[in-house]
Amino acid sequence: MLLSTSTGYLKPKLSYKKVFQTMKATGFDAYDFSASSESKTAKSPLMRDDYMDFARQLKEWADEAGLICNQAHATFPPEKYGDEEYNKTTFQRILREMEVSAYLGAKCIVVHAVKPLPKGVDAWAENLRFYRSLLPYCEKFNIKVAVENLFEYDEVRERLRPCFIGTSEKLARFVDELGSDWFTVCLDIGHAAINTEDPEDAIRTLGKRITAVHIHDNDFVKDRHTIPYLGKANWDAICQAFADIGYEGEFTLETVLYENSFPAELLPAALQFEAQIGRHLIAKIEK
């Protein structure tokens with residue numbers, strides 16, 4: 001099983017060439033491309049006319065380092081209800097992110113659901129419409145869209161709660177209803193915990209629908225995106241569940257807040273420790 005981590009908070013501290021070299025040197029096989037970081041404005045690399053030159057340079061650096069791009073993450077939120085200007089611009093951003101991620105080699109790109117939505121708006125129907133609008137571009141660029149289990153903020157209770165596809169049962173039903181092999185599931189282990197579901201149970205419920213993961217830990221209250229074993233997740237049970245469903249994807253860490261805690265000069269050591277933990281967990285699954 002390949003070990004991957006996100007470019008997320010590494011790129012602001014290191015050049016891409018150095019990010020890829022450091023990832024490889026510290027024990028990673030692949031990278032999760034944070035596409036959203038490179039398309040924020042009209043002047044961002046992915047939104048310029050020469051965006052494919054940028055993509056070719058990224059791929060060259062990754063190839064030189066011996067890394068593959070296994071998955072990517074798109075801009076979020078993908079839409080804001082009633083904001084047509086934002087929605088039109090962001091849709092074009094996501095299409096550009098899909099195209100470049102596919103070129104880099106990503107098998108799927110995580111695209112968040114549209115949320116929050118006003119009371120009375122059918123979130124299920126709105127999101128079926130949104131995701132299905134991406135289908136022609138999945139086919140065009142040859143990349144799957146991964147739907148992720150997400151949470152939302154309950155302003156009355158002042159806490160996080162599952163969104164309309166926050167639980168594994170609802171996420172499974174939603175992806176099945178999309179009705180196309182171009183849609184898949186990215187199971188976020190930390191989000192499952194926040195959504196009052198033991199991650200190992202979520203893994204078994206979603207089963208073969210899972211082709212991508214976000215691996216991180218938390219206190220089951222806040223989205224802390226730290227390394228495994230620094231939170232409350234039961235990693236023995238999680239690894240057993242992955243083994244039980246015959247998970248065949250990559251083991252992708254999304255410990256971005258952990259990584260963001262360190263200055264550039266300490267990132268190699270931080271990544272090496274992160275990779276050691278990832279290898280330890282992969283060994284548990286494969287055993």
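Strand β9 (residues 210-214) is largely enclosed by the rest of the structure, because four of its five residues are buried. Buried means under 20% relative accessible area with a 1.4 Å probe, protein chains only. This is a predicted model: local features need pLDDT of at least 70, side-chain atom pairs count only at pLDDT 80 or more, and totals for chains, interfaces and linings use all residues. Residues are numbered from 1 along each chain as its sequence is written, and side-chain values use heavy atoms, leaving out hydrogens and water.

**Strand pairing**
- Strand β8 (residues 183-188) runs parallel to β9, and four bridges join them.
- Two strands pair if DSSP finds at least two bridges between them.
- Cys-186 stands opposite Ala-212 in β9.

**Overall fold**
- The protein has ten helices and ten strands.
- Helices (H or I, at least four residues) and strands (E, at least two) are DSSP runs, numbered from the N terminus.
- The C-alpha trace spans about 50 × 50 × 35 Å along its principal axes.

**Packing and surface**
- Of the 287 residues, 55% count as buried.
- Among contacts (heavy atoms within 4.5 Å) with a separation of 6 or more, 75% come from residues 24 or more positions apart.
- The protein exposes about 12800 Å², and carbon and sulfur atoms supply 50% of it.
- Accessible areas come from the Shrake-Rupley method with a 1.4 Å probe.

Methods. Buried < 20%, exposed > 50% of the residue type's maximum accessible area, 1.4 Å probe, protein only.
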